[in-house]
Amino acid sequence: MASILKAQKANASKVDRKDKGKRKADDMDVDGAETAVAVLPRSKRNKQRVLLLSSRGITHRMRHFMNDLEALLPHVKKDSKLDSKSQLHLLPELADLNNCNNTLYFEARRHEDLYMWAAKTPNGPSIKLHVQNVHTMDELKMTGNCLKGSRGLLSFDKGFDDTEWGRLTKELFTHIFGVPATARKAKPFVDHILTFSILDSKIWFRNFQIMEKDPAQPNGPPHTTLVEIGPRFVLTPIRIFEGAFGGATVFSNPEFVSPAAVRSAAKRSKGDGYRERKEAEEEAGKRRVLRHREEDDLAVSKVFA
């Protein structure tokens with residue numbers, strides 16, 4: 001008896017499924033009349049991933065600086081060092097292999113010169129910047145602290161909107177430093193602010209923690225303050241290219257002087273000082289010769305000879 005009841009239930013469920021299919025077919029307009037279909041707009045997802053890597057020859061301070069950036073940006077994927085500094089065309093391919101649409105590449109030069117490439121891969125644009133005044137979190141030892149993997153607010157100076165290169169740099173930094181909410185390692189908290197300010201044609205970076213209460217009065221009223229965390233660094237824009245790591249030059253900074261040119265000018269000034277000192281010695285010798293007088297007949301050496 002139980003088996004018969006089960007068979008009847010199974011047959012009834014099959015009939016219901018067939019009826020549902022028939023009802024759907026009946027509801028369709030066979031004559032081809034226009035039917036209004038409500039299509040819900042799909043929300044645009046922010047899918048930003050950043051490839052972080054460097055060239056050979058970076059120092060320990062540069063490596064700690066990159067580790068600080070990796071801790072601040074949970075949507076960053078770190079890769080091994082690039083062997084050749086002249087094969088930058090390989091970076092878009094590496095970003096594609098790692099499923100990243102942005103790239104931060106740090107290029108080390110002699111005398112601890114550090115350059116940063118920020119690019120939108122694979123088609124660009126890209127910007128080359130000179131990194132100066134780097135202070136890592138371990139060096140600063142600030143009192144502020146934030147949750148690792150939390151998302152940060154981006155704050156840009158109004159000076160970015162005054163120039164075309166500033167607006168382009170702001171858009172590029174928004175894609176790179178803006179952590180999407182759907183990042184795999186991102187935490188659902190916003191507890192720090194990344195600030196970018198323009199001063200003396202340079203971009204100054206600071207990181208601040210958002211504190212809702214005063215540490216001196218934990219039980220007091222809410223009082224929002226900012227406490228610096230680190231790291232600190234200054235970026236000097238050099239060139240903006242149309243493509244990724246190359247292409248036509250969109251912007252060139254006429255005020256930028258390379259560190260190698262500064263060092264050569266300092267050596268040249270030292271050489272000028274040495275040459276001026278030698279010329280002064282030669283002139284003094286000539287004057288000494290002109291001041292020399294010949295001995296007369298009443299000289300002491302001749303009278304008491």
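Trp 165 counts as buried, because its relative accessibility is 15% (buried means under 20% relative accessible area, exposed over 50%, partly exposed in between, with a 1.4 Å probe and protein chains only). This is a predicted model, where local features need pLDDT of at least 70, side-chain atom pairs count only at pLDDT 80 or more, and totals for chains, interfaces and linings use all residues. Residues are numbered from 1 along each chain as its sequence is written, and side-chain values use heavy atoms, with hydrogens and water left out.

Now the aromatic rings. The whole structure holds 13 aromatic pairs. Rings of Phe, Tyr and Trp (its six-membered ring) pair if their centres lie within 6.5 Å; planes under 30 degrees apart count as stacked, over 60 as edge-to-face and the rest as tilted.

Take Trp 117 and Phe 245. Their ring centres are 5.6 Å apart and the planes meet at 40°, so this pair is tilted. It links distant parts of the chain, 128 residues apart: Trp 117 is in strand E4 (residues 114–120), and Phe 245 is in the loop between strands E10 (232–243) and E11 (246–252). Helices (H or I, at least four residues) and strands (E, at least two) are DSSP runs, numbered from the N terminus. Both Trp 117 and Phe 245 are buried.

Trp 165 pairs with Phe 251. Here the centres lie 5.4 Å apart and the planes are at 15°, so the pair is stacked. Trp 165 is in helix H5 (residues 164–177) and Phe 251 in strand E11, 86 residues apart. Phe 251 is buried too, with a relative accessible area of 18%.

One aromatic cluster includes Phe 65, Phe 106 and Phe 156.
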